[in-house]
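Here is a friendly walk through one protein model, taken a region at a time. Have the sequence and the 3D view open as you read.

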Amino acid sequence: MHRPELAAAISEKVDLSVEEGQELLNIIVDEITLALSRNQNVSLIGFGSFSCQHRAARQGRHPSTGQTIDIDACKAVVFRPGKKLKECVNHRAEYE
């Protein structure tokens, strides 16, 4: 499912126009992004949690040439699925 399809599904479920569904989805994504940029964790109970993780600088290899390259330190976004999402994906329960 892509962003427009998700926005359409949201608008159908809450009886909004497609444009309002897109706006609602944009607000949610923007708020999650803003919180992560401030080093805040975002927890959606039952669905999962988003957090930032520091990755140290390291050495890597270029896959086609095999040449050693330096990889800079950075922050990475990590998503950990919640119990309910894991169960649903593994066909043990319905997600509601």
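A pocket, as the word is used here, is an open set of grid points where a 1.4 Å probe fits, with protein on both sides within 12 Å along at least five of seven lines. Please keep in mind that this is a predicted model.

**The largest pocket**

With that definition in hand, the largest pocket comes out at a volume of about 500 Å³. It is lined by 14 residues, and those closest to its centre are Leu6, Ile10, Leu25, Leu44 and Phe47. Two elements give two or more residues each to this lining, namely helix 1 (3–13) and helix 2. Helix 2 supplies the largest share, with 5 residues.

**Glu20 in helix 2**

Helix 2 spans residues 18–37, and Glu20 is part of it. A polar atom of the Glu20 side chain lies 3.0 Å from the backbone nitrogen of Ser17.

**Ser51 in strand 2**

Next comes strand 2, which covers residues 48–55 and includes Ser51. Setting aside neighbours within four places in sequence, Ser51 is in contact with Leu36, Asn41, Ala76, Val77, Val78 and Arg80. Is Ser51 buried or exposed? Ser51 counts as buried because its relative accessibility is 12%, below the 20% cut-off.

**The cysteines**

How many disulfides does the model have? The count is 0. A disulfide would need two cysteine sulfur atoms within 2.5 Å.

**Accessibility side by side**

To finish, here are the accessibility values for the residues discussed above.

| Residue | Relative accessible area | Class |
|---|---|---|
| Ser51 | 12% | buried |
| Cys52 | 26% | partly exposed |
| Cys74 | 36% | partly exposed |
| Glu20 | 41% | partly exposed |

Partly exposed residues fall between the buried limit of 20% and the exposed limit of 50%, so Cys52 at 26% belongs to that class, as does Glu20 at 41%.

Terms used
Residues are numbered from 1 along each chain as its sequence is written. This is a predicted model: local features need pLDDT of at least 70, side-chain atom pairs count only at pLDDT 80 or more; totals for chains, interfaces and linings use all residues. Side-chain values use heavy atoms; hydrogens and water are left out. Buried means under 20% relative accessible area, exposed over 50%, partly exposed in between (1.4 Å probe, protein chains only). Helices (H or I, at least four residues) and strands (E, at least two) are DSSP runs, numbered from the N terminus. Contact means heavy atoms within 4.5 Å. A polar contact is a pair of N or O atoms within 3.5 Å; within protein, one must be able to donate a hydrogen and the other to accept it, and residues adjacent in sequence count only if both atoms are side-chain atoms. On a 1 Å grid over the protein atoms alone, a cavity is a set of points where a 1.4 Å probe fits but cannot get out, and a pocket is an open set with protein on both sides within 12 Å along at least five of seven lines; lining residues have an atom within 4 Å of a point. Grid points are joined across faces, edges and corners, and a volume is the space filled by probe spheres set on the points.
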